[in-house]
Amino acid sequence: MPEHIRALIVILVLAGTVFALARRPAKDLIPYNDFTRRRNLWFVLTLLVFFAHSFWVYAAVAAVVLTIARKRERNPIALFFMLLFIVPPASAQIPGMGIINYFFDLNHIRLLSLCVLLPAFFALRRRADTLPFGRTWPDKLLAGGLALTSLLLLRETTLTDTLRQTVYMFIEVFLPYYVASRALKDINDFKDALLAFVLAAMVLSIIGLFEFARSWLLYSALTDALGMQWEMSGYLSRGGSLRASATTGQAIALGFVISVALGLYLFLQEGVRSKFQRRLGGLLLAGGLFAPLSRGPWIGAVVMITAFIATGRGAAKKLMLLALAAVLALPLLAIVPGGHKILDLLPFIGTLEVENITYRQRLFDNAMIVIQRNPLFGAFDFRNTPEMQSMIQGQGIIDIVNTYINVALQVGLVGLTLFVAFFVTVLLGIRKAMRSFPDKDDETRRLGRALLATLAGIMVTIVTVSSITFIPVVYWSVAGLGVAYAQMARKLKHTSNAVTASAHLQLR
């Protein structure tokens, strides 16, 4: 039996277990029909990609399936999240038919965006209650960053390739942000979208735990079966254990996705009636976060939990208890069997692969030299500089393991300012919206706390990771959720003020 078919059997069993356990919690949060329809679609596309034996066969049939599914879907961003991590995002070139070399690279993320988000974009634009793009500061900063990047591309490449890269940015950056920021109108829409993301991440978590335990990357043979080459995927170990990656291709990308899901789960768990199932879901995500053995996402998850607690009731006492538990856990790990292995993996205090820290320090120092040569607008050929060439690793690559540095190198400090300001304005918008709900136990305020904490954790985590595979589409989408939350709070406040004014008039 081919390896990818054996892997498929394991994946179906693992995913089936997660979906079976998620039935009751899903009923507590969203209409059960929505859960079953998306779950069934997850299985259909998974079976399709494993039996297609060609990416183009998969893409053609999936496009039809997604088009039909989209017409039945009331929440396009929830559908997008549920299906986002089904297939590794390896790319295949659409031939240029003798006119140009090729039209553009197509992968699962772009296929999903074109089939689900693009129609939603046109539908939202026609709706009278949709906020026009450009009305908010995040809109303006995003538009400025995309326009700047497109213009600067002309320095380095042809007009055809610039247009191609601009299309990529529209599909992978603009569409996820726009639909996430405009499609969600009320608290139930948010529950729907967040549950879809968390469920998809829970499936990744159990797959990651299996890969870690059995030292077998379940999706490694799939790209070969589809007739594709993907340099991103490969077996990596740390401390003698395999680092799980599932469909993300890289362990750190898997850790990033699950850390984001953990942040969103902080909101969703309160809506689940069963305490046992709440804890089981949290444990599954925690296990999935551990399986990639990636320390950056661990730090991000700690930031998310800390920020969520800090914005809630009794924050000081809870943070002190959390800090005390962490302090007491360290000596306990030092004496329990196998505990020293976990200590060695921990950031800042662990001794395993300390050369990674040295590499990051060298990267920062060398990057500062390169940035100073083109401080305002950077240079896309920065990898050819002597300083960056000295950073080539054993795999023959220059790993820019810091998203902020990568942005500054490509589009300069102007581009970096737009990038950072975008996320800061989203954070400020969420914080301002939360003040509309003074009751710290209010469900809508708790949603704001989770989004604020998740986005803050993302901003910390991307200091330690490159924007690879699923990472960019996730952080642009979460930022869109933050903008949608701010708009929902503004409308609720406006409605409340209108009701109050009407009541006063009636009393008179």
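Colleague: Which helices each supply at least two residues of the lining of the largest cavity?
Modeller: Those are α8 (159–183) and α20. A helix here is a DSSP run of H or I with at least four residues, a strand is a run of E with at least two, and both are numbered from the N terminus. This is a predicted model, where local features need pLDDT of at least 70, side-chain atom pairs count only at pLDDT 80 or more, and totals for chains, interfaces and linings use all residues. Residues are numbered from 1 along each chain as its sequence is written, and side-chain values use heavy atoms, with hydrogens and water left out.

Colleague: And which helix gives the most to that lining?
Modeller: α20 does, with three residues.

Colleague: What's the volume of the largest cavity?
Modeller: About 90 Å³. The structure holds six cavities of 30 Å³ or more. On a 1 Å grid over the protein atoms alone, a cavity is a set of points where a 1.4 Å probe fits but cannot get out, while a pocket is an open set with protein on both sides within 12 Å along at least five of seven lines; lining residues have an atom within 4 Å of a point. Points are joined across faces, edges and corners, and the volume is the space filled by probe spheres set on them.

Colleague: How do the lining residues of the largest cavity divide into nonpolar, polar and charged?
Modeller: Three are nonpolar, three polar and four charged. Nonpolar covers Ala, Val, Leu, Ile, Met, Phe, Trp, Tyr, Cys and Pro, charged covers Asp, Glu, Lys and Arg, and the others, Gly among them, are polar.

Colleague: Let's switch to the second largest pocket. How many residues line it?
Modeller: There are 22, of which W298, V302, A326, L346 and P347 lie nearest the centre of the pocket. The lining of the second largest pocket has 21 nonpolar residues, one polar and no charged. Its space comes to about 950 Å³.

Colleague: Where does the largest share of that lining come from?
Modeller: From α13, with seven residues. α12, α13 and α14 (315–335) each supply at least two.

Colleague: New topic: how many aromatic pairs are there?
Modeller: The count is 35. Rings of Phe, Tyr and Trp (its six-membered ring) pair if their centres lie within 6.5 Å; planes under 30 degrees apart count as stacked, over 60 as edge-to-face and the rest as tilted. One of them joins F19 and F43, with ring centres 5.5 Å apart and planes at 65°, so that pair is edge-to-face. F19 is in helix α1 and F43 in helix α3, 24 residues apart.

Colleague: Are F19 and F43 buried or exposed?
Modeller: F19 is buried at 2% relative accessibility, and F43 is buried at 18%. Buried means under 20% relative accessible area, exposed over 50%, and partly exposed in between (1.4 Å probe, protein chains only).

Colleague: Why is the pair of F81 and F197 edge-to-face?
Modeller: Because the planes of F81 and F197 are at 90°, with the ring centres 5.3 Å apart. The pair links helix α5, which holds F81, to helix α9, which holds F197, across 116 residues. F81 is buried at 2%, and F197 is buried at 1%.

Colleague: What about a cluster: which residues do ring pairs link?
Modeller: Y177, Y404, F419, F422, F423, Y475 and W476.

Colleague: Which ring does the charged end of R164 sit over?
Modeller: The ring of Y102, 4.0 Å from the ring centre. K140 lies over the face of W137 as well, 5.0 Å from the ring centre. The rule is that NZ of Lys or CZ of Arg is within 6 Å of the ring centre and within 35 degrees of the ring normal.

Colleague: Last one: what does V478 touch?
Modeller: V478, in helix α20, touches V260, T454, L455 and I458, leaving aside residues up to four places away in sequence. Contact means heavy atoms within 4.5 Å. V478 is buried, at 3% relative accessibility.
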